Amino acid sequence: MGKKAQLLLSINLVPEQLENKQQIRKFVDMIIKSSISPKQIAFEITERMSFTDLDKAAIVIDYLKAQGINVKLDDAGTGYGSFSYIQHLNLQSLKIDKMFVDTIGTYDHKLFVLDSIIAFGKKAGMEMIAEGVETKQQSDYLLQSGVYLQQGFYFSEPLKFEQFRHYFQRDQAKI
């Protein structure tokens with residue numbers, strides 16, 4: 001019998017929330033008191049809004065990482081400063097926005113941006129997740145490009161909690 005997959009919980013945050021260490025500490029305290037392991041939590045920061053204080057955010061992100069919580073840059077390539085955020089905040093994961101995934105199999109110039117994001121992620125040794133994967137062609141392209149973590153309708157439609165629990169239990173029974 002194989003190893004069981006561990007559920008992961010991703011929580012979307014806006015940059016302002018990551019600049020408030022007290023607020024984040026309260027949340028981490030709640031996690032510690034629960035049965036959820038911090039390694040099962042990831043905070044996703046949207047790039048569509050800018051940070052006002054990168055130094056404060058860097059301190060909070062270092063604190064989260066010390067607790068075992070992963071912090072990811074969501075919507076990579078769509079907003080204010082992917083590359084500077086990754087450098088200044090020492091981020092190790094990025095989510096490739098659906099806008100770029102949608103260009104796979106087209107002649108859209110954003111396909112070159114997708115390839116550049118992937119090349120950067122590989123060179124930086126980052127974990128990359130593609131969101132909005134809807135077709136086998138998109139999934140295959142991403143796999144061939146080294147993006148193994150993918151989410152989207154190709155794999156499942158959004159599920160209500162009970163549907164997800166049933167799906168997960170059925171999937172775990174196969175392992």
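**Close-ups of a predicted model**

View 1. Helices here are DSSP runs of H or I with at least four residues, strands are runs of E with at least two, and both are numbered from the N terminus. A quick word on the model: it is predicted, so local features need pLDDT of at least 70 and side-chain atom pairs count only at pLDDT 80 or more, while totals for chains, interfaces and linings use all residues. Residues are numbered from 1 along each chain as its sequence is written, and side-chain values use heavy atoms, with hydrogens and water left out.

**View 2. Here are the buried residues of helix α7 (residues 136-144).** They are Gln 138, Ser 139 and Leu 142, where buried means under 20% relative accessible area, exposed means over 50%, and partly exposed is in between (1.4 Å probe, protein chains only). Look down the axis of α7 and these buried residues fall within an arc of 95 degrees, so they line one face of the helix. That arc is taken from the directions running from the helix axis to the C-beta atoms. As a rule, an α-helix has 3.6 residues a turn, so residues three or four places apart point the same way. What do the buried residues of α7 pack against? Their partners are α5 (98-101), α6 (110-123), β5 (127-130) and β6 (149-150).

**View 3. Ser 145 sits in the loop between α7 and β6.** With a relative accessible area of 14%, Ser 145 is buried. Setting aside neighbours within four places in sequence, Ser 145 touches Ile 118 and Lys 122; contact means heavy atoms within 4.5 Å.

**View 4. The largest nonpolar core has 38 residues.** Helix α3 (residues 54-66) gives the largest share of this core, 6 residues. Among the residues with the most contacts inside the core are Leu 18, Ile 24, Leu 64 and Leu 142. A nonpolar core is a set of buried Ala, Val, Leu, Ile, Met, Phe, Trp, Tyr and Cys residues joined through side-chain atoms within 4.5 Å.

View 5. Ser 93 counts as buried at 2% relative accessibility, and Lys 95 counts as buried at 4%. The side chains of Ser 93 and Asn 70 are joined by a polar contact of 3.2 Å. (That term means a pair of N or O atoms within 3.5 Å; within protein, one must be able to donate a hydrogen and the other to accept it, and residues adjacent in sequence count only if both atoms are side-chain atoms.) Lys 95 lies 6.1 Å from Leu 73, C-alpha to C-alpha, though the two are 22 residues apart in sequence.

**View 6. The model has 2 aromatic pairs.** Rings of Phe, Tyr and Trp (its six-membered ring) pair if their centres lie within 6.5 Å; planes under 30 degrees apart count as stacked, over 60 as edge-to-face and the rest as tilted. Phe 27 and Phe 43 have ring centres 5.4 Å apart and planes at 50 degrees, so this pair is tilted. It links distant parts of the chain, with Phe 27 in helix α2 (residues 21-33) and Phe 43 in strand β2 (residues 41-46), 16 residues apart. Tyr 154 and Phe 155 make an edge-to-face pair, 5.0 Å centre to centre with 75 degrees between the planes.
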